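Take a look at the structure below. This report walks through some of its charged pairs, a helix, the cores and a sheet.

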Amino acid sequence: MRLTRYFLPVLKETPAEAQIVSHRLMLRAGMIKQAAAGIYSWLPLGYKVLRRIEQIVHEEQARAGHLAMLMPTVQSADLWRESGRYDAYGEEMLRIKDRSGRDMLFTPTAEELITDIFRANVSSYKDLPLTMYQIQWKFRDEIRPRFGVMRGREFLMKDGYNFDLTREDALHGYNRHLVSYLRTYERMGLQAIPMRADSGPIGGDDTHEFLVLAETGESEVFYDSQITDLKFGDREVDYDSVEQCQAVLEEFTSRYARTDETHDEAKFADVPEERRRVARGIEVGQIFYFGTKYSDALGATVQTKDGDKVPVHMGSHGIGVSRLLGAIIEASHDDKGIIWPEGVTPFHCGIVNLKQGDDEADTACEALYKALTAAGLDPLYDDRNERAGGKFATMDLIGLPWRITVGPRGLKNGVVELTSRRTGESEEMPPEAAVARIVEIYAAHRG
């Protein structure tokens, strides 16, 4: 993409309504525009990152053997009355009527709808286990929407649902999701700590939230500092193996890590004092096992090998896809702007032409652009007739991890400058070497 053909409405001043870093930088970088309280239009740059995050989620769900689908954003109230949640959910649910006067609602979550799909189509234990998921827009009418996409009313969410014959099978599904989520977040450059949490209106006794540590987090968290030394890395796990998935769960949840809702001061006191940490965290996902809560209420049963009909055991598992953008920025920025991790960056590399209109500089930039594109990468070429300072400021603000700077002085010596956004370090090298380095970097970030 060439910047002269792109829609990037960057702001020099910070909007007054933006209270936290991610909201400020998303507005300044031209990623979003508020349409109503807690509701945003996603502009091209923001939408591009949103799709990068969504793709990683899809890839890791597929790796775990989960099936993608799509359910509507508007549901009938009848199913929610059947489960008993229509009145219990509270005012966060946006209740509406259609033109015939039927009660409808804008989906805050989809346990009822997926259970209805299951009960209409699955009747035998032979069809289990089954896990389906979607990435779909949700709406929760927050009383005080704030912090941009971090606490909006409309949000993009991955919600998955597992159906199993027994509690043991369903807990394996729970562990399988925990493993896939650890991989997902690390690919996005995040350390998301699984913490024992409260189930809220979803229900169930077994649940972990995944939290990214950040000063602006909405939750107070208590944890053993040893947990921050854990990395999933590039290890391979057999998702069908109960033992392997259970081992990962134990590795990442055996140390104390809880949100304020489930904090136990006595158990926390057992952690060596030098390892006790109290901080704030941003929730970016949650996994639940809730047994037969919905299958009992909605009649989702299967016939066993012995011919008995039994309710299936279920769990639901969510990732806040749109919220992740804010969390990544909160965890990765400086006073100049965003610093995107390579896994989610909107463009893999920025190309800055220091002297637009100079034949040699223009030719070199075009060659770099074509070489990166031919290698399957997505560069952003700043071909505007602007001063160098303004071009550098824009690149720093939008946070591309790597920048290649091209100017007449360097080209006389046969070199361009490759700069890391994260470290600020620059290195001069021939254009072909810069392309090879960028290709090598991103080869390590493919799923």
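Arg81 is partly exposed in this predicted model. Its relative accessible area is 42%. Asp78 has 51% relative accessibility, and because the cut-off for exposed is over 50%, Asp78 counts as exposed. The side chains of Asp78 and Arg81 meet in a salt bridge. Both residues lie in helix α3 (residues 77–83), 3 residues apart, which is about one turn of the helix. In general, an α-helix has 3.6 residues a turn, so residues three or four places apart point the same way.

A search of the whole structure finds 27 salt bridges. Here are some of them.

| Salt bridge | Closest N to O |
|---|---|
| Arg63 and Glu60 | 3.0 Å |
| Arg187 and Glu60 | 2.9 Å |

Is Glu60 buried or exposed? Glu60 is buried, with a relative accessible area of 0%. Arg63 is partly exposed, at 29%. Arg63 and Glu60 both lie in helix α2 (residues 44–63). Arg187 is buried, as is Glu60. Arg187 lies in helix α5 and Glu60 in helix α2, so this pair ties together parts that are 127 residues apart in sequence. A network of salt bridges links Glu59, Glu60, Arg63, Arg183 and Arg187.

Next comes helix α1 (residues 21–28). Of its 8 residues, 7 are buried, so the helix is largely enclosed by the rest of the structure. Among the buried residues are Val21, His23 and Leu25. The buried residues of α1 pack against several elements, including β1 (32–36), β2 (39–42) and α9 (321–331). Gly30 follows α1 and has a positive phi, near 70 degrees.

Now the nonpolar cores. The largest has 76 residues. Met31, Ile53, Tyr185, Phe210 and Val284 have the most contacts inside it. Helix α5 (residues 167–187) supplies the largest share of this core, 7 residues. A second, separate core of 25 residues includes Trp80, Leu105, Ile114 and Phe118.

Last, a sheet. Five strands form an open sheet in the order β20-β19-β21-β22-β23, with mixed pairing. Its edge strands are β20 (379–382) and β23 (426–429), and each pairs on one side only. Strands β21 (residues 402–406) and β22 (residues 416–420) pair in the antiparallel sense over 4 bridges. Thr405 stands opposite Glu417 in β22. Helix α10 (residues 359–374) lies across β19, β20, β21 and β22. α11 lies across β19, β20 and β21. Helix α10 runs at about 170 degrees to β19, and α11 also runs at about 170 degrees to β19.

Note on methods
Residues are numbered from 1 along each chain as its sequence is written. This is a predicted model: local features need pLDDT of at least 70, side-chain atom pairs count only at pLDDT 80 or more; totals for chains, interfaces and linings use all residues. Side-chain values use heavy atoms; hydrogens and water are left out. Buried means under 20% relative accessible area, exposed over 50%, partly exposed in between (1.4 Å probe, protein chains only). Helices (H or I, at least four residues) and strands (E, at least two) are DSSP runs, numbered from the N terminus. Contact means heavy atoms within 4.5 Å. Two strands pair if DSSP finds at least two bridges between them. Axes are lines fitted to C-alpha atoms, for helices over the stretch in contact, and angles run from 0 to 180 degrees between N-to-C directions. A nonpolar core is a set of buried Ala, Val, Leu, Ile, Met, Phe, Trp, Tyr and Cys residues joined through side-chain atoms within 4.5 Å. A salt bridge is a side-chain nitrogen of Lys or Arg within 4 Å of a carboxyl oxygen of Asp or Glu.
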